[in-house]
Amino acid sequence: MDTRQMIVILTYVVLTQITLGNIDEFDCVDIYKQPAFQHPLLKHHKIPEKFTSNESFDRKSKYKTNDQSCPKGTVAILRQRSETESLHLDTDDHFGHHFAVMDTYPDASIYRGAQADISIHNLTLQNNQLSRSQIWLENGPPGELNSIQVGWAVHPRVYGDSATRFTIYWTADGYKTTGCYNTNCPGFIIVTRKPSIGSIFKLSSVYGGDKTVIFTPHVYQDVFIPGWALKVDDEMIGYWPGELFTHLKNGASRVRFGGNTYISPDGISPPMGNGHFPLKDYQRSSSFLHVKLTNHRYQTIEAKKILRNADSRCFRLMDRRYTKENGKSFSYGGAGGRCGI
């Protein structure tokens, strides 16, 4: 997005910015030779024409003009670090995970999508720690859980640094044998030619500053793929084909928004969000704004009826009153430390 395009939210300025990635970290790969097509269920999968048309690949985007793109017919794939190939640490009941999230009610509702404006923050983590701010869309019992996760993460073990990066994750069997971060295993199909999945955000929010930098991931079930599509700030990034999932084929029964951390071996949890407890002042808080769901009728609705859940003394979550300017919003975060199990 052009840096002159700003949205005034209450008393502060939000700069929507998906200026991602350096092409030097990526390889340009033929769109049909990207990792996804090594999946046995996707050998004969055809990418819908709407994703491969010139309009989809060449329209004016919200990336900065100095960002580079791969040639037509190819997509940008982040180079993988070999030690991340079998990394599965995301199950909720895994020792050392902490959450501060807003959660949909555990009823019979089915959701076809979710989106939010998520503030972006820089954090410094140890090698085995993890801190994420994201959206989860899930369905199925624990042992068969289908989960799609989208947001930003600081994850030195995956990326080899402590940068804040655009990160996705998925599993189709409760984290047992399927799923991975980004494109580290076959599954997610990238359609954009620009560096995206795994990219470093070039701008981030400054505590107490006059701008809060956000990005807007939107995941939705697309009946024409069929599967789950991912946009960021209206830029089509790619999709998870329906062949990957069992329960998510029927929609998501649970949607969560918020933060998640994972401890280092010494038992220290890293910071979450901006590393501070939330305050009334948005400029000193990490936040989700305009939190929305897509219901079973494919209607976009404000997520007004969701539950608050913070499972540790180290992290807090502040539910905010719905306003026309911010929609449904909340703030969350904390410094981490010895937070218990």
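Reader: How many helices and strands does the protein have?

Author: Helices (H or I, at least four residues) and strands (E, at least two) are DSSP runs, numbered from the N terminus, and the protein has 3 helices and 21 strands. This is a predicted model, in which local features need pLDDT of at least 70 and side-chain atom pairs count only at pLDDT 80 or more, while totals for chains, interfaces and linings use all residues. Residues are numbered from 1 along each chain as its sequence is written, and side-chain values use heavy atoms, with hydrogens and water left out.

Reader: How many aromatic pairs are there, and why is the pair of F201 and F215 tilted?

Author: Rings of Phe, Tyr and Trp (its six-membered ring) pair if their centres lie within 6.5 Å; planes under 30 degrees apart count as stacked, over 60 as edge-to-face and the rest as tilted. The count comes to 12 aromatic pairs. The rings of F201 and F215 have centres 4.8 Å apart and planes at 55 degrees, so this pair is tilted. F201 lies in the loop between β11 (189-190) and β12 (211-215), and F215 lies in strand β12, 14 residues apart.

Reader: Is F215 buried or exposed?

Author: Buried means under 20% relative accessible area, exposed over 50%, and partly exposed in between (1.4 Å probe, protein chains only). F215 is buried at 0%, and F201 counts as buried at 5%.

Reader: Which ring does the charged end of R316 sit over?

Author: A charge sits over a ring if NZ of Lys or CZ of Arg is within 6 Å of the ring centre and within 35 degrees of the ring normal. The charged end of R316 sits over the ring of F277, 3.8 Å from its centre.
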